[in-house]
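Dear colleague,

I am handing over the structure below, together with an account of what was found in it. Please read the notes alongside the coordinates.

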Amino acid sequence: MIEVKQVTKVYDQFPVLNEIDVCLPEEKIIAFIGSNGTGKSTLLSIIGRTLEKNGGHVYIDDIELALWKSQELAKHLSILQQAQQSIVRLTVEELVGFGRFPHSQGRLSQEDQQHINRAIAYLELDHLRTRYLDELSGGQRQLAYIAMVLAQDSHYIFLDEPLNNLDMKHATQIMKVLRKLVDELHKTVLVVIHDINFVSYYSDHIIALKEGKIVAQGSTDEIIRPDVLKEIYDIEMTIKEIDGKRFCLYFE
Amino acid sequence: MTMLKALTKQKKIILLTALVLLTVCLLYLLPQLNASNYQYFLNKRGTKIIAILLTGFSIGVSALSFQTITNNKLITPNVMGLESLYMFIQTFIIFIWGSKELSMMTSYTQFFLSIGFMMMASWGLFNLVFKKENQDIYRLVLTGMVLGSLFGGLSSFMQVLLDPNEFTILQGKMFASFNNVNVSLLGISCLLILPCSYILIKDRHALNVLSLGRSSSINLGVNYYRLVKRQLMMSAVLISISTALVGPITFLGILVVSLTRKLLNTYRHQEMMIEVTLLSGTFLLAATYLVERVFSFNTTVSVIINFIGGVYFIYLIIKERQK
Amino acid sequence: MGGDTILFQKYYRTIYLIAFVLLAVYSLSIGVQDFSFTALLNGESSQLTLAVISRLPRLASILLTGAMLSVAGMIMQSITSNKFVSPSTAGTMEWCRFGVMIAMVLFSQATTGQKVFIAFIIALLGTMLFMKILQKVKIKDQVMTPLIGMMLGSVVSSVTTFVAYRLDIIQNMSSWLQGSFALILKGNYELLYLGIPCLILSMIYANHFTIAGMGDSFAKNLGLRYEHILFIGLSLVSIMTSIVVVNVGSIAFIGLIIPNLLSMIKGDNVKKNVIDCALWGAGFVLICDIFSRIIIYPYELPISVVVSVVGSILFLFLIRRKKR
């Protein structure tokens, strides 16, 4: 269970998050939406402890973030942000192997190796395992990073804009993998995604931010409505339903 | 033969470098030895080799660690002006406390005082730079270089105040150089290297993870801030040791770390640390050999190293791809 | 804008000039040998000789050095359209020293003129090499440029030191490492006056440099020959730097901070600023020199030490400010 209480973040005296309170449901794909600069990624980073908060508390399984041992927490929660360019060259297999660090502290056991193999297979990267990351396309590289997070084998998986700059094929492949993680492996996945139709099609639960506050939250059906979206994005949207899935049209 | 085949490519390169280093050591150690003078020569040359190997380890390893924690291939503590800071602190200590013969060479107290100040400075660097989000790395380097020249200026300023007539001679007296290795601090340096090596061995896996970048390493359970702080403190001690023993050699670190990355092509710090130590030992010893035997002291080791290292640095910048 | 500010702007140059003259007069009066203006006016010949042989040459070289170095910096910043470039951060100074060394090797008794000429040629070639490297670098970052320049400079320096050690002229060379006005006397500084035509040329070409800084295609579009302007600019920078290095020694940071301070206060119009730039540069060196002479009187600090301390502090302040 993840609970966020009164979380505040300030950049140069400018509040980005304003006393956020939220309680996240389990075993769902939870999407954070909102316009640029509303604090989605900031919130995700704070819960994922890569960014320090200025006030409030985050409880992961009833323990405050600051009280977790970093190594223990890494077994429960993983976060993938836009990958920095690394100064070392790594192969896909080496990268995925890093996912086992919280469990093995660098010395890979037989069991770790199995986790690595499973993660690579899950993302269908077997043919790329010995390739270097800088030789891959952006989409393949993103898949490799997701495989690393998968090998980490945590219950909570956070992804910050995982579809950025990806083509449609890789974007849908990634979303399908996330779906499988929730449906088959019972993980809880938190994502920040810009494309509202990806959110509508794949997610179970939506949390919408605007000006550093949560303006709407609820199941996908409750949020993907013209009036709610108008409130979130300040634009008119038409919602069409095809085969029981809702699609948002906002090009007019 | 079968044993060699079992080794990885990295281990073979390390072995090869070790052999080269050994050869250079012998080349340096053995000539003109005979029954009557061997004790004197072995003693003199041996101490120098030990000093050089210690320096090589200090500079190489601190540069490697620094690049990993800043996630940038163009930065080393020396480029950031830490050597000039050490020399500034030395001058400052003499200036404040005074010293009758104006010679720092033997004083343990002053050595430890300098190390203390260096660690404080690293602490400041940590709070100024690493605690902040989104640091501009090139601006940081430029700031470091300018700080270096500021400390240089302040040092000569105080030297002039100490002795307006002979301040250039003073500089030679106060600081070690390759022609004037500070032997009296050799023992204490060896001792100080021990805790540093312990930290490195302990942190080697965490450093591997750190090369993925800050957020990935936090994700993987590395206690980022504690690790960075510890590594910075260690670098401060190592730079103090190398500067105290043989004086500043700005571009050695960048040269050997880049070469190591190129040769080994690995993320594993356990292997890179051995290779940088061997490589910088080789470079320093070869340069010393050239200076003493080929140019017969008509130049200095740092001139040779700075030339090779500087050219290599420019080459690296030109090659570095836009992010 | 308040009335005071406008008043200040109107009279600023007058105020500045008055302060400038006062400082210059004060500069004349300090030194180990007693010197008084009343005595000079009373026609005491010893005082006149002192003024003509030592004090006046010193003052002239201070003013010319400051003016030339800061204008050279301004030209480089216009051409590269980068605020962090100057003769000392582009390696030009180090190339000059290299040139001096070559001159000393070629002619065992090199005259000042020969040294300046060879230093100029080498500095020009070296600075052009720097521009070539800049075009090759793929990281386009304002701060990257001075970084490359300083690295290049240190490589050149190490070659200079190497050769100087080999040929045993390191003692003669080291006077070019640290700039100092202490040895300026009548008869050994006159080449500095070559700087005056250079400064005038810089003023004439000032606008062209700004346009060249916008890039090759932009300059061509306005009907200017880019390579041509680049060559004139770099030649002016190289000759002014060489003159200073040979006669006074290297002094870092002036070319960097004066134009930057100026553009912070008065905006970026090179044409208007060249004169101010020269004046400010002269004033800055004047103040630093006075400081260097009185702080440990009767001894003297090398001017380069004072300038590098004051200059690097100002520069750090600039880097922080430029952060937006």
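In chain A, helix α1 (residues 40–47) lies across β3 (29–33), β7, β8 (188–192) and β9 (205–210), and runs at about 145° to β7(A). Helices (H or I, at least four residues) and strands (E, at least two) are DSSP runs, numbered from the N terminus. Axes are lines fitted to C-alpha atoms, for helices over the stretch in contact, and angles run from 0 to 180 degrees between N-to-C directions. Two residues are in contact if their C-beta atoms, placed from the backbone, lie within 7 Å.

This is a predicted model, in which local features need pLDDT of at least 70 and side-chain atom pairs count only at pLDDT 80 or more, while totals for chains, interfaces and linings use all residues. Residues are numbered from 1 along each chain as its sequence is written, and chains are lettered from A and ligands numbered from 1 in the order in which they are written. The predictor gives the complex an ipTM of 0.87 and a pTM of 0.83. For chain C the mean pLDDT (the predictor's confidence in each residue, from 0 to 100) is 82, and 90% of its residues reach 70 or more.

The sheet of chain A

The strands of chain A include an open sheet of six, in the order β6-β7-β8-β3-β9-β10, with mixed pairing; two strands pair if DSSP finds at least two bridges between them. Its edge strands are β6 and β10 (213–219) of chain A, each of which pairs on one side only, and neighbouring strands of this sheet are turned by 15° against each other on average, direction ignored. The hairpin of β9(A) and β10(A) has two residues between the strands, and in it A:Glu211 takes a positive phi near 50°. Helix α10 (residues 226–233) of chain A lies across β3, β9 and β10 of chain A, running at about 155° to β10(A).

Helix packing in chain B

The axes of helix α3 (residues 38–70) and helix α10 (residues 224–246) of chain B come within 9 Å and cross at roughly 150°, which makes α3(B) roughly antiparallel to α10(B). Here angles under 35 degrees count as roughly parallel, over 145 as roughly antiparallel, 65 to 115 as roughly perpendicular and the rest as oblique. The crossing of α3(B) past α10(B) is left-handed; a crossing is left-handed if the near helix is turned anticlockwise from the far one by less than a right angle, and right-handed if clockwise. Among the residues that make this contact are B:Ala51, B:Leu54 and B:Ile69 of α3(B) and B:Val228, B:Gln231 and B:Val246 of α10(B). The residues of the contact of α3(B) with α10(B) divide into twelve nonpolar, seven polar and no charged, where Ala, Val, Leu, Ile, Met, Phe, Trp, Tyr, Cys and Pro count as nonpolar, Asp, Glu, Lys and Arg as charged, and the others, Gly among them, as polar.

The axes of helix α11 (residues 252–264) of chain B and α12(B) come within 9 Å and cross at roughly 130°, and α11(B) passes α12(B) in a right-handed crossing.

Contacts between chains

Of the two pairs of chains in contact, chains B and C share the most contacts, with 31 residues of chain B in contact with 34 residues of chain C. The largest share of the side of chain B that touches chain C, 15 residues, comes from α6(B). The contact of chain A with chain B takes 22 residues from chain A and 20 residues from chain B. Chain A and chain C do not touch, their nearest C-alpha atoms being 13 Å apart.

With best regards
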